[in-house]
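Thanks for coming. I will take a few minutes on one model and then stop.

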Amino acid sequence: MTTPVYQNFIHGQFVPNQSKETFAVKNPATDEVIYHVEVADESIQEKAIASAREGFTAWSAMAPIERSRILNKAVYLLRERNDELAKIEVLDTGKPIQEADCVDIQTGADVIEYFAGLAPTQVGTQQPVANDFFYTRKEPLGICAGIGAWNYPLQIACWKSGPALAAGNVLIFKPSEETPLGAIKLAEIFIEAGMPAGVFNVVQGAAEVGQWLTTHTEIEKVSFTGEVGTGKKVMQSAASNLKDVTMELGGKSPLIVFDDADITEAVSAAMLGNFYTQGEICTNCTRVYVHKSVYTQFINQLKARTEANIIAGDPLDPNVNLGALISKKHQDLVLGYIEKGKAEGATLLTGGHALSPESAPNGYFVAPTIFTDCTEDMTIVKEEIFGPVMSVLVFEDEADVIARANNTELGLGAGVFSQNIQRAHRVIHQLKAGICWINSYGNSPAEMPVGGYKQSGIGRENGIETLNSYTQTKSVYVGMSQIESPF
Ligand code: NAD
């Protein structure tokens, strides 16, 4: 059976490359190639830049309210096509349709809608100085680049394009080579919504295409989502022409469950924060610190609910709530971490192996895995695994658990469960993380800024400040009196 071949999406249309080089994309739940994609070779790269230049001239000259209308039309189309787009995300990522159906497209659309609303609110300032005055203008940066990870492909494309385009920039977006289709669908929707050609181009490929984006001198900013190690490389290349950068990187986030916590709620949060999207979420609370006095109650409930309620299988089945990991390579990596956990002395509470569900026997599944008796020197507690693997640790003292929670180079998320509001806020204020939750975990509305402390990132996505990060301030001094010149 022949599979479709997708070309790069440049200037409002599919454009063939010259090298004829393609790569294959597999469905993680079946191990079958579902389509091929042409790599953005030099000819495509040149076209993408020429198109973006033209797109910027048209888009930046438009009134913000006009840009806002087009973005809102795209939001409407995204929501209208939710089911079709959700299915694309399931086939590309292996995540359950019950998630993609209500999260991926909708949270992407929410963010574009939010920034579409903010687009016309961008204002400068005016200030008198002696007899003269100056004013400031918020101007777009120009051509920006977005580089995405594979866990929320379409959502990431929306989260990067929303603020970039609302502020009047154009974006060249490179999705992950594992999940390239969602971004193309977004590009088609933008064109259908009336966006000028060249405002949102999609280039396809792996690291080399990413490197080209990060070194090109006409690109003013790179917004990157991916691993810490790749983020460092991106930042290094971006320094070549002092590009602005936003870095959304990995995490090893703590969840602290105090003795007065609602245990059922805390278990729900720990399960959501480790097993949703089969554990492939950057903010996951993979280090769960439980107070000694509620430890037994917590792990008994955690084990029982994990063993009773997780349904792995064909991700297109609406009853399935645990999908396949992104690739065989990633499945092996996660299983390797599990073996390290066992070898380094953690106790396996449940899981700890690959799964081969009847409805998807060839998929890259890993059973939801919980380790107890974990200590901070174990590899599974130190490194981001990006799979369904939870480490549970015990604590007794508040100051001690804060120090242990902060003892990491990463600082993306953190959570606290406690019914004592003073303690909950006191603790959360001391945790070195950018995205924090009290008696909740994982919610990320468009209005709330998200991003990492320490090596988990630079800059923010979502929230008002993100729009500013896609603008530069121009100061205009206006002389109202005669120039005092010594010449
Ligand atoms: P990755 O770093 O391997 O790849 C990310 C993207 O970078 C891909 O598009 C890839 O092709 C590209 N790339 C690879 N090498 C490059 C280079 N040298 N220059 C430029 N681009 C390059 O990450 P991944 O495996 O796709 O995603 C998983 C990681 O992403 C995890 O660490 C996860 O925590 C992180 N993540 C973070 C957030 C967040 O918002 N903080 C969200 C999702 C995922």
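Is Phe-395 buried or exposed? Phe-395 is buried, at a relative accessible area of 2%; buried means under 20% relative accessible area, exposed over 50%, and partly exposed in between, with a 1.4 Å probe and protein chains only. Before going on, a word on the source: this is a predicted model, where local features need pLDDT of at least 70, side-chain atom pairs count only at pLDDT 80 or more, and totals for chains, interfaces and linings use all residues. Residues are numbered from 1 along each chain as its sequence is written, and side-chain values use heavy atoms, with hydrogens and water left out.

Now the aromatic rings. Eight aromatic pairs turn up in a search of the whole structure. Rings of Phe, Tyr and Trp (its six-membered ring) pair if their centres lie within 6.5 Å; planes under 30 degrees apart count as stacked, over 60 as edge-to-face, and the rest as tilted. One of the pairs is Trp-150 with Phe-386, edge-to-face, at 5.4 Å centre to centre and 70 degrees between the planes. Trp-150 sits in the loop between strand E8 and helix H6, Phe-386 in the loop between helix H13 and strand E19, and the two are 236 residues apart. Helices (H or I, at least four residues) and strands (E, at least two) are DSSP runs, numbered from the N terminus. Trp-150 is buried at 15% relative accessible area, and Phe-386 is buried at 16%.

Phe-395 has its ring centre 5.4 Å from that of Phe-258, with the planes at 85 degrees, so this pair is edge-to-face. Phe-258 lies in the loop between strand E13 and helix H10, while Phe-395 is in strand E19, so the pair ties together parts 137 residues apart in sequence. Phe-258 is buried too, at 1% relative accessibility. Elsewhere, Phe-173, Phe-190 and Phe-200 form one aromatic cluster.

Next, a sheet. Three strands make an open sheet in the order E1-E5-E4, with mixed pairing. E1 and E4 are at the edges with a single partner strand each, so one side of each has no neighbour in the sheet. Strands pair if DSSP finds at least two bridges between them. E1 and E5 run parallel and are joined by two bridges, with Val-5 partnered by His-36. E4 and E5 are antiparallel, over six bridges; Ala-24 stands opposite His-36, and Val-25 has Tyr-35 as its bridge partner. In the hairpin of E4 and E5, with four residues between the strands, Asp-31 takes a positive phi near 65 degrees.

That is all; questions, please.
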